[in-house]
Amino acid sequence: MRLLLQPDETAKRRRNKQRGRPRRERGATMLTRDRVMNVLQGIDDPEMPISIIELGIVDDVRIETRTDGDAVHVRLLPTFVGCPALDLLREMVEERLRASGAQAVHVEFVFDPPWSVSRISQAGRERLERFGIAVPQRGGQGGGASTCQAASRPALVPLSRSGGEDAGALYEAQESEPVRCPLCGSEQTTLHSPFGPTRCRSIHYCADCRNAFERMKDV
Ligand SMILES: [Zn+2]
């Protein structure tokens with residue numbers, strides 16, 4: 001069952017494709033931190049329809065002034081270990097910063113401090129909700145990004161029900177807070193599958209508007 005998930009995914013890819021063709025700007029040899037942050041603000045996370053700045057994965061930016069041009073060091077906090085999108089993310093950051101005048105770009109992934117949903121900016125939360133992705137108010141307590149699966153899988157209790165086409169996919173989650181439907185605001189929702197299109201998202205079902213939606217896991 002794909003439900004609502006497909007259109008957003010393709011739209012996101014199309015947008016990323018467009019953004020992946022940066023205009024090369026001549027003459028901007030001096031890179032400032034503001035300029036670098038602006039460039040990063042324009043890069044969407046490969047798996048999330050928001051900027052990597054809004055997602056809170058940019059931990060540190062350092063500009064090293066060299067005689068042959070500026071080198072930019074970017075420290076990123078992946079949302080979880082082993083994310084298959086990390087290579088893509090590195091390429092995007094390198095490509096975009098080079099196009100903006102960096103002579104060299106060094107992207108480093110660190111896991112300390114751990115990324116958590118509490119790092120997502122308010123603008124990022126609102127943008128995700130408009131895409132139909134619910135975001136927990138705060139992250140798990142120090143769970144961190146070690147792995148999305150281990151740190152955040154809620155306690156699942158299979159629902160006892162008679163019949164049904166996909167009984168194995170139905171669970172009831174012991175969530176730390178009510179899960180609000182991003183489409184209609186109702187809290188009459190149930191966890192449909194702990195495994196969404198990416199490992200950091202789960203799929204929920206709203207009993208009121210009868211839509212499925214995604215939710216970022218509570219890390
Ligand atoms: Zn709803």
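1. Basis of the note. Because the model is predicted, local features need pLDDT of at least 70 and side-chain atom pairs count only at pLDDT 80 or more, while totals for chains, interfaces and linings use all residues. Residues are numbered from 1 along each chain as its sequence is written.

2. Overall composition. The protein chain holds 6 helices and 9 strands, where helices (H or I, at least four residues) and strands (E, at least two) are DSSP runs, numbered from the N terminus. Of its 219 residues, 36% are buried; a residue is buried if 20 or more other C-beta atoms lie within 10 Å of its own, exposed if 12 or fewer, and partly exposed in between, with C-beta atoms placed from the backbone. Among the contacts in the protein chain with a separation of 6 or more, 57% are between residues 24 or more positions apart, a contact being a pair whose C-beta atoms, placed from the backbone, lie within 7 Å.

3. The largest nonpolar core. This core has 36 residues, of which Ile57 and Val135 touch the most other members; a nonpolar core is a set of buried Ala, Val, Leu, Ile, Met, Phe, Trp, Tyr and Cys residues joined through C-beta atoms within 7 Å. At least two residues of this core come from each of helix H2 (33-41), helix H3 (52-55), strand E2 (71-76), helix H4 (86-99), strand E4 (133-134), strand E8 (201-206) and E9, and H4 gives the most, with 4 residues. The core lies between domain 1 (5-109) and domain 2 (132-216), because both give residues to it; these domain bounds come from an automatic or database domain assignment. Leaving aside neighbours within four places in sequence, isoleucine 57 is in contact with Ile52, Leu76, Leu77, Pro78, Thr79 and Trp115.

4. Helix H2. Val36, Val39 and Leu40 are buried in H2, and since these buried residues fall within an arc of 100 degrees when seen down the helix axis, they line one face of the helix; the arc is that of the directions from the helix axis to the C-beta atoms. Asp34 and Asn38, on the other side of H2, are exposed. The buried residues of H2 pack against H3, strand E1 (58-64), E2 and H4.

5. Helix H5. In helix H5 (residues 122-130), the buried residues are Gly124, Arg125, Arg127 and Leu128, and they cover an arc of only 165 degrees around the axis, which puts them on the same side of H5. Gln122, Ala123 and Arg130 are exposed on the other side of H5, whereas the buried residues of H5 pack against H3 and E4. Just after H5, glycine 132 takes a positive phi of about 85 degrees.

6. E4 and E9 pair in the parallel sense over 2 bridges, and isoleucine 133 stands opposite glutamate 214 in E9. E8 and E9, by contrast, run antiparallel and are joined by 5 bridges, among them the one in which methionine 216 of E9 is the bridge partner of arginine 201. These two strands, E8 and E9, form a hairpin with 5 residues between them, and arginine 210 in the turn has a positive phi of about 60 degrees.

7. Strand E9 and arginine 215. Because 5 of the 5 residues of E9 are buried, this strand is largely enclosed by the rest of the structure. Both of its faces are covered, with Ala212, Glu214 and Met216 buried on one side and Phe213 and Arg215 buried on the other. Arginine 215 is found in strand E9 (residues 212-216) and counts as buried because it has 26 C-beta neighbours inside 10 Å. The bridge partner of serine 202 in E9 is arginine 215. Not counting residues up to four places away in sequence, arginine 215 touches Ile133, Ala134, Val179, Arg201, Ser202 and His204. The C-alpha atoms of arginine 215 and leucine 191 are separated by 9.4 Å, with the two residues 24 apart along the chain.

Key. Contact = placed C-beta atoms within 7 Å. Pairing = 2+ DSSP bridges.
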